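Q: Please take a close look at one part of this structure. I would like the part itself first, then the elements packed around it.

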Amino acid sequence: MGDVAQIDEGKKKYLSKAEILAKDDVSFIEMDIPQWDGTIRFRSLTGDEAIEFGKRLDDMDAKQEAVIDLFATSVVDENGNKLFEPHDIRRLRKKSWAVFLKAQNKLLEFNGYTDAAKKAAKND
């Protein structure tokens, strides 16, 4: 059969559409922010959010704004509720750029955008 692997269907549980759609697959990470004397909690991006973020990365003029948008989209409270709304972006733009760059690096890896994250996912 060439390079096609044989699957032992007796050992695998195949998920149904209902099971997939019912799963809460959101994950969280935290990051200490010494400049703000505290810790921030981030939520993983949804498919819709990742698609929108990817579109922003293709636009050279929008890349700088995408850093803050990624931050605002991802920051949540202890219950997983978003802290920021689109109208908060202007005020966030007045905060430390170093914080956003540090958060961007963590969020890109967390959401699978870095080479290391892609390699790890490939090995799963």
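A: Helix H2 (47-57) and helix H3 (63-74) each give at least two residues to the lining of the largest pocket. Helices here are DSSP runs (H or I, at least four residues), numbered from the N terminus. The model is predicted: local features need pLDDT of at least 70, side-chain atom pairs pLDDT 80 or more, while totals for chains, interfaces and linings use all residues. Residues are numbered from 1 along each chain, and side-chain values use heavy atoms, without hydrogens or water.

The pocket has a volume of about 300 Å³, the space filled by probe spheres set on grid points joined across faces, edges and corners. A pocket is an open set of points on a 1 Å grid over the protein atoms alone, where a 1.4 Å probe fits, with protein on both sides within 12 Å along at least five of seven lines; lining residues have an atom within 4 Å of a point.

Its lining has 15 residues. Asp69, Leu70, Ala72, Thr73 and Lys82 lie nearest the centre. H3 supplies the largest share, five residues. By class, eight lining residues are nonpolar, one is polar and six are charged.

Now the H2 side. H2 and H3 pack at about 160 degrees, axes 9 Å apart. Axes are lines fitted to C-alpha atoms over the stretch in contact, and angles run from 0 to 180 degrees between N-to-C directions. The two helices are therefore roughly antiparallel (over 145 degrees). Glu49, Phe53, Arg56 and Leu57 in H2 meet Lys63, Glu65, Ala66, Asp69, Leu70 and Thr73 in H3, with contact meaning heavy atoms within 4.5 Å. This contact holds four nonpolar, one polar and five charged residues.

H3 also packs on helix H5 (residues 97-110), at about 70 degrees, with axes 9 Å apart. That makes H3 roughly perpendicular to H5 (65 to 115 degrees). The H3–H5 contact has nine nonpolar, three polar and no charged residues.

Methods. Nonpolar A, V, L, I, M, F, W, Y, C, P; charged D, E, K, R; others polar. Parallel < 35°, antiparallel > 145°, perpendicular 65-115°, else oblique.
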